[in-house]
Amino acid sequence: MDAAPSPTPSRVSAWRVPAWLERATGWAWRLLVLAAGVVALVWLVGRLRLVLIPVLIGLLLAALATPLASWLSDHRVPRLVSAWMTLLLAAAVVAGIGWLGVVAVGDQLADGERWDQVQTEVRTWLSNGPLGLSSGEIDDLERRVRDTVVGGVSTVNVERVRIVAEIVGAIFLSAVLFFFFVKDGPKLWARTVDRFKPRRRDDIDVAGRAAFEALTGYMRGVAITGVIDAVAIGIALWIIGVPLVLPLAVLTFFGAFFPIVGATVAGALATLVALVLNGPGDALLVALVTLAVQQLEGDLVMPLVMRRQVNLHPVTILVALATGGAMAGITGAFVAVPVAAMIAGASTALREAREDGADARPEADAPAEAA
């Protein structure tokens, strides 16, 4: 029996997958695998957020305290003593912020008679001002605000208790990690590098040191941004005539270290002080100025400052903030820029080290090749 005829070359080529489709499908499945890995990583980070976020906060505080710790070490202060001094200084700064917010500002807002007067002024402004609300609309608005505030304060459930417990635990863990990072940071990093294979240790050491240097630059950039915000808000409050300009400016400076939340709280507090002590008109001006400063700070000042401090393009910073906020809300926005700075710093230092090694290798091999 004769064998079946083999397909002709023209018939085989007719059923062959086009080259462009083969390349496209190859990229497609690789991108799908990469996306699955990213989703798995995000899920893992979300599950371990109670550990990873305090670690990052401890690193941020350690990066901020590095100049002080280095100065103390240069003056022969023991590492343990310098760690305790930086920890106590950080606690004193937190206590000072609490004093400014509670004592200096809170005492001015605690007058009950003044609150009654503010309520009357607000109702008059809503009725005779640019909004022109009727008495019924004002009563309905007042009832909604009261229900929202009272409901938010009085409703205590298990979820809120759990969140408060997580925040307290994260603060305590961050403080402990900050202390040990300042005290034993070089030793901890040396032990970490020793866990890798000898041929990888140099690259890991270079990348890690560059990442921490980028983190230090990020904290410097945040401090510079906070100074700019504090000066702008302070000048605006002084021009408008709002009291407590210095405490509010100081709170605005420290609020810059807490992205989104810090600026919002500081702006709301300044608006509340203007409302109670100056009236609705000045409060509206303060709110508008605060929003304008925050927009300029987030879209212009911070990207430009960070570009000089951590060598990140403003577009990269804005995309990192937007991506972190979309993926994990306030927490994601808080960690997005420092993580991006660490990754960029480590990758740049690693690439430069490899390029330097590649340039130096022919010179070292030249005598042997000549021989």
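Helices (H or I, at least four residues) and strands (E, at least two) are taken as DSSP runs and numbered from the N terminus. On this basis the chain contains 13 helices and zero strands, and its pattern along the sequence reads α-α-α-α-α-α-α-α-α-α-α-α-α. The model is predicted, so that local features require pLDDT of at least 70 and side-chain atom pairs count only at pLDDT 80 or more, whereas totals for chains, interfaces and linings use all residues. Residues are numbered from 1 along each chain as its sequence is written, and side-chain values use heavy atoms, with hydrogens and water left out.

A residue is termed buried under 20% relative accessible area, exposed over 50%, and partly exposed in between (1.4 Å probe, protein chains only). Of the 371 residues in the chain, 27% count as buried. Contact denotes heavy atoms within 4.5 Å. Among contacts in the chain with a separation of 6 or more, 68% are between residues 24 or more positions apart.

A nonpolar core is defined as a set of buried Ala, Val, Leu, Ile, Met, Phe, Trp, Tyr and Cys residues joined through side-chain atoms within 4.5 Å. The largest such core has 23 residues, of which Leu60, Tyr218, Met219, Val222, Met306, Val310 and Leu312 touch the most other members. At least two residues of this core are supplied by each of helix H3 (49-74), H9, helix H12 (280-310) and helix H13 (314-370). The highest contribution, eight residues, is that of H13. A second, separate core comprises 11 residues, including Leu244, Leu248, Ala283 and Val286. With neighbours within four places in sequence left aside, leucine 312 is in contact with Pro303, Met306, Arg307, Ile317, Val337, Ala340, Ala341 and Ala344.

Helix H3 also holds isoleucine 53, which counts as buried because its relative accessibility is 19%. The C-alpha atom of isoleucine 53 is separated by 9.7 Å from that of leucine 173, although the two residues are 120 residues apart along the chain.

Aspartate 229 lies in H9 and is classed as buried because its relative accessibility is 9%. Beyond its neighbours within four places in sequence, aspartate 229 is in contact with Thr252, Val293 and Glu297. H9 is followed by glycine 241, which has a positive phi near 95°. Glycine 241 is placed in the loop between H9 and helix H10 (245-255); with a relative accessibility of 42%, glycine 241 counts as partly exposed. Between the C-alpha atoms of glycine 241 and leucine 277, 36 residues apart along the chain, the separation is 9.9 Å.

Side chains of opposite charge can pair when their charged atoms come close. With a salt bridge defined as a side-chain nitrogen of Lys or Arg within 4 Å of a carboxyl oxygen of Asp or Glu, the structure holds two salt bridges. One of these joins arginine 209 and aspartate 205, with an N to O distance of 3.0 Å. Arginine 209 and aspartate 205 are four residues apart in helix H9 and are therefore separated by about one helical turn. Arginine 209 is exposed at 53% relative accessible area, while aspartate 205, at 24%, is partly exposed. Another salt bridge links aspartate 184 to lysine 183, and the closest N and O atoms are 3.1 Å apart. Aspartate 184 is buried, with a relative accessible area of 16%, whereas lysine 183 is partly exposed at 25%.

Patches consist of residues with over 30% relative accessible area and no salt bridge, like charges being joined within 9 Å and nonpolar side chains (Val, Leu, Ile, Met, Phe, Trp, Tyr) within 5 Å. Trp27, Leu31, Leu34, Val38, Val42 and Met327 make up a nonpolar surface patch, and their accessible area together is about 630 Å². Helix H2 (residues 19-47) provides the largest share of this patch, five residues. Valine 42 is located in helix H2 and is partly exposed, with a relative accessible area of 35%.

Conventions. Areas by Shrake-Rupley, 256 points an atom, 1.4 Å probe, with all protein chains shown as cover.
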